Amino acid sequence: MPLTEADQRRVDEAEAEAEAAGSTKLLVRSPHEKQKLGSFTVMCLIINRTIGSGIYVTPAIVLRATDSVGISLLLWAFGAVFGLCGLLVWLELGLSIPKFQTPGESSDSLLNGEDTFENVPRSGGEKNYLEYIYKNPRFQTTCMYGLIYIILGNLAGNAIAMGQYIMQAAAQPDDPAAIRGIAVAALTGACLIHGLWRNGGIVLNNVLAIIKLLTLMAVIVIGFAVAGGASFGNGPTGKSAVKENFSTRNSFSRPSDDAGSYARSIVYVVCK
């Protein structure tokens, strides 16, 4: 969409000020329309960031830790409420901060040269929000995220988990060398495809998001199929499966008495 006359005038003035001798102003250009991600790609980015490998293995871990179908379902309901609270906090932060000084949008502000404070989207996510909220001590938030994502190797841990899952899916014994090799190959491949082939990275992102959604839908459909009488193994089917899972007498019988198991289950539910 072409700029209005007023916007174009502001861009020309900013360019002139930034290029002037002795100027300390930094001019940041917005990406071209063709470089911007579409709505579907952005949704796929959020889906891929939200749905990881944990959702497919965590329910079984929580169930084994609590030894109770009913308690595990209550923990997942708590996780849903917790996630909703996080969403509301993110919406509030995203619509409120951080604010930066920008030229006024109204005609009176433009004529008078007045500036206003507005929310300006920036890359960095919650790091920007925390830096805006907790200004002192300086670099507190930067150091905190540096410890978590650089020193502790956030992506490295995920890559190792991917290597372990691949070895298990291939019915191979856990070979540390092979697992590390798969992890290094996965991280290297991701960096190369996003660094050398932007469109290919976008396509891969969209395809993986679709596969994840279809897999989750298949899990839901299989659950309803088992409730309807279909059999996919040695477990109960039909009404007996529904009764065994949702009967208060059965689902809350013989729960685990280990407090640590419940604490770990809550962490898995909230973080996965």
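Two aromatic pairs turn up when the whole structure, a predicted model, is searched. The rings of phenylalanine 78 and phenylalanine 82 sit with their centres 6.2 Å apart and their planes at 40 degrees, so this pair is tilted. To be edge-to-face, the planes would have to be over 60 degrees apart. Both phenylalanines belong to helix H4, which covers residues 69-96, and they are four residues apart, about one turn of the helix. Phenylalanine 78 is partly exposed, at 41% relative accessible area, and phenylalanine 82 is also partly exposed, at 43%.

The other pair is made by tryptophan 90 and tyrosine 129, and it is edge-to-face, with 5.7 Å from centre to centre and 85 degrees between the planes. Tryptophan 90 is in helix H4 and tyrosine 129 in helix H6 (residues 126-133), so this pair ties together parts of the chain that are 39 residues apart in sequence.

| Pair | Centre to centre | Angle between planes | Type |
|---|---|---|---|
| Phenylalanine 78 and phenylalanine 82 | 6.2 Å | 40 degrees | tilted |
| Tryptophan 90 and tyrosine 129 | 5.7 Å | 85 degrees | edge-to-face |

Next, the backbone. Most residues other than glycine have a negative phi. You'll find aspartate 67 in the loop between helix H3 (54-66) and H4, and it counts as partly exposed at 48% relative accessibility. Alanine 171 is not a glycine either, and has a positive phi of about 60 degrees. Its place is the loop between helix H8 (154-169) and helix H9 (176-196). With a relative accessible area of 68%, alanine 171 is exposed.

Back to H3, the helix that aspartate 67 follows. H3 has 13 residues and spans 18 Å from its first C-alpha to its last, close to the 18 Å expected at 1.5 Å a residue. Its buried residues are Gly54, Thr58, Val62, Ala65 and Thr66. Look down the axis of H3 and these buried residues fall within an arc of 80 degrees, so they line one face of the helix. What do they pack against? The buried residues of H3 pack against H4 and helix H13 (259-271).

Over in helix H10 (residues 198-227) sits asparagine 205. Is this residue buried or exposed? Asparagine 205 is buried, at 11% relative accessibility. Its side chain makes a polar contact of 3.0 Å with the side chain of asparagine 206. Leaving aside residues up to four places away in sequence, asparagine 205 touches Thr41, Cys44, Leu45 and Asn48.

Finally, the chain as a whole. It holds 13 helices and two strands. Of its 272 residues, 18% are buried. Among contacts with a separation of 6 or more, 48% are between residues 24 or more positions apart. The chain's accessible surface comes to about 19,800 Å², and carbon and sulfur atoms account for 65% of that.

Methods
Residues numbered from 1 in each chain as written. Predicted model: local features only at pLDDT ≥ 70, side-chain atom pairs only at ≥ 80, totals over all residues. Heavy atoms only, no water. Phe/Tyr/Trp six-rings, centres within 6.5 Å; stacked < 30°, edge-to-face > 60°. Buried < 20%, exposed > 50% of the residue type's maximum accessible area, 1.4 Å probe, protein only. Polar contact = N/O pair within 3.5 Å; in protein donor to acceptor, adjacent residues only side chain to side chain. Contact = heavy atoms within 4.5 Å. Areas by Shrake-Rupley, 256 points an atom, 1.4 Å probe, with all protein chains shown as cover. Expected span 1.5 Å × (residues − 1). Arc of directions from axis to C-beta.
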